[in-house]
Amino acid sequence: MAFKMRGVVVAAALLLASACVAQAGPDLGNWRVDAAGGQVTASLYATNKLITGGGALGYSPVLTLACRSDGEPRWSEWLQLNDAVSASRKITMSVMVDGGTKFDENWSVGPRGKLLVREGDDGIRRLVSANRLLLSWRFGLLSGRGEADFDLAGLSEAIGQIAASCKTDPP
């Protein structure tokens with residue numbers, strides 16, 4: 001009896017595993033795709049940690065790519081921080097894609113200085129075929145620099161899902 005029961009359990013496990021494999025979608029790597037409130041997002045944690053202001057704890061900044069689907073689709077990218085930057089409206093972000101040459105971009109500073117935002121699909125377009133993204137910025141005049149390193153594995157699939165949900169073409 002125990003042997004028959006074990007066979008049933010094994011068969012059920014195999015059936016469940018094959019159903020999961022059959023329903024598996026594209027490989028998104030570590031990207032998490034979500035849809036709520038008229039926008040679709042894909043978020044990814046940095047591979048490195050930043051030390052908080054007190055120095056006791058670390059955290060990984062989060063990069064989010066978004067498409068707002070209400071009206072004409074609009075793309076943007078955000079960097080979520082736990083420590084605020086001292087800038088109030090704009091901040092200069094140094095960007096390096098796949099170890100290439102660094103270049104500077106202006107990003108907007110969001111609420112409480114903990115969200116850095118760049119509007120437009122051109123920023124996302126530069127990442128579609130990239131493997132790695134390095135962002136760095138100044139927290140303040142005397143506060144030092146922050147740096148976030150992202151492994152972009154699965155990005156093109158995540159962008160494809162965002163675009164499909166947003167009913168638009170990928171950048």
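This is a predicted model: local features need pLDDT of at least 70, side-chain atom pairs count only at pLDDT 80 or more; totals for chains, interfaces and linings use all residues.
**Overall layout**

The chain has 171 residues, and 38% of them count as buried. It contains 3 helices and 11 strands. Read from the N terminus, the order of the elements is α-β-β-β-β-β-β-β-β-β-α-β-β-α. Among contacts in the chain with a separation of 6 or more, 55% are between residues 24 or more positions apart.

**The disulfide**

A disulfide is a covalent bond between the sulfur atoms of two cysteines. The structure holds 1 disulfide. Its partners are Cys67 and Cys166, with their sulfur atoms 2.0 Å apart. The pair links distant parts of the chain, since Cys67 belongs to strand S5 (residues 62-68) and Cys166 to helix H3 (residues 155-166), 99 residues apart. The angle about the S-S bond is -80°, and the link of Cys67 and Cys166 is left-handed. Cys67 and Cys166 are both buried.

**Helix H3**

Cys166 is also one of the buried residues of H3, along with Leu155, Ala158, Ile159, Ile162 and Ala163.

The buried residues of H3 pack against several elements: strand S1 (32-36), strand S2 (39-45), S5, strand S6 (74-80) and H2.

At 1.5 Å a residue, its 12 residues should span 16 Å, and the end C-alpha atoms are 16 Å apart, which agrees. The expected span is 1.5 Å times one less than the number of residues. Just after H3, Lys167 takes a positive phi of about 55°.

**Salt bridges**

Side chains of opposite charge can pair when their charged atoms come close. The structure holds 8 salt bridges. Three of them are listed here.

| Salt bridge | N to O distance |
|---|---|
| Glu105 and Arg126 | 2.4 Å |
| Asp122 and Arg118 | 3.1 Å |
| Arg132 and Asp149 | 3.3 Å |

The side chains of Glu105 and Arg126 meet in a salt bridge. Glu105 lies in strand S8 (residues 103-109), while Arg126 is in the loop between helix H2 (122-125) and strand S10 (132-140), so the pair ties together parts that are 21 residues apart in sequence. Glu105 has a relative accessibility of 9%, so it counts as buried.

Arg132 forms a salt bridge with Asp149. This pair also links distant parts of the chain: Arg132 is in strand S10 and Asp149 in strand S11 (residues 144-151), 17 residues apart. Arg132 counts as partly exposed because its relative accessibility is 34%.

Which residues do salt bridges that share partners join into one network? They are Glu77, Glu105, Arg118, Asp122 and Arg126. Within this group, Arg118 and Asp122 meet in a salt bridge. Arg118 is buried, with a relative accessible area of 12%, whereas Asp122 is partly exposed at 37%.

**The aromatic pair**

A pair of aromatic rings is described by the distance of the centres and the angle of the planes. The structure holds 1 aromatic pair. Trp137 and Phe139 form this pair, with 5.8 Å from centre to centre and 70° between the planes. The arrangement is edge-to-face, because planes over 60 degrees apart count as such. Are the two residues buried or exposed? Trp137 is buried, with a relative accessible area of 0%. Phe139 has 14% relative accessibility and also counts as buried.

**An exposed leucine**

Leu57 is found in the loop between strand S3 (50-51) and strand S4 (58-59). With a relative accessibility of 60%, Leu57 counts as exposed, because exposed means over 50%. Apart from neighbours within four places in sequence, Leu57 is in contact with Leu50, Ile51 and Thr52.

Notes:
Residues are numbered from 1 along each chain as its sequence is written. Side-chain values use heavy atoms; hydrogens and water are left out. Rings of Phe, Tyr and Trp (its six-membered ring) pair if their centres lie within 6.5 Å; planes under 30 degrees apart count as stacked, over 60 as edge-to-face and the rest as tilted. Buried means under 20% relative accessible area, exposed over 50%, partly exposed in between (1.4 Å probe, protein chains only). A disulfide is a pair of cysteine sulfur atoms within 2.5 Å. Helices (H or I, at least four residues) and strands (E, at least two) are DSSP runs, numbered from the N terminus. A salt bridge is a side-chain nitrogen of Lys or Arg within 4 Å of a carboxyl oxygen of Asp or Glu. Contact means heavy atoms within 4.5 Å.
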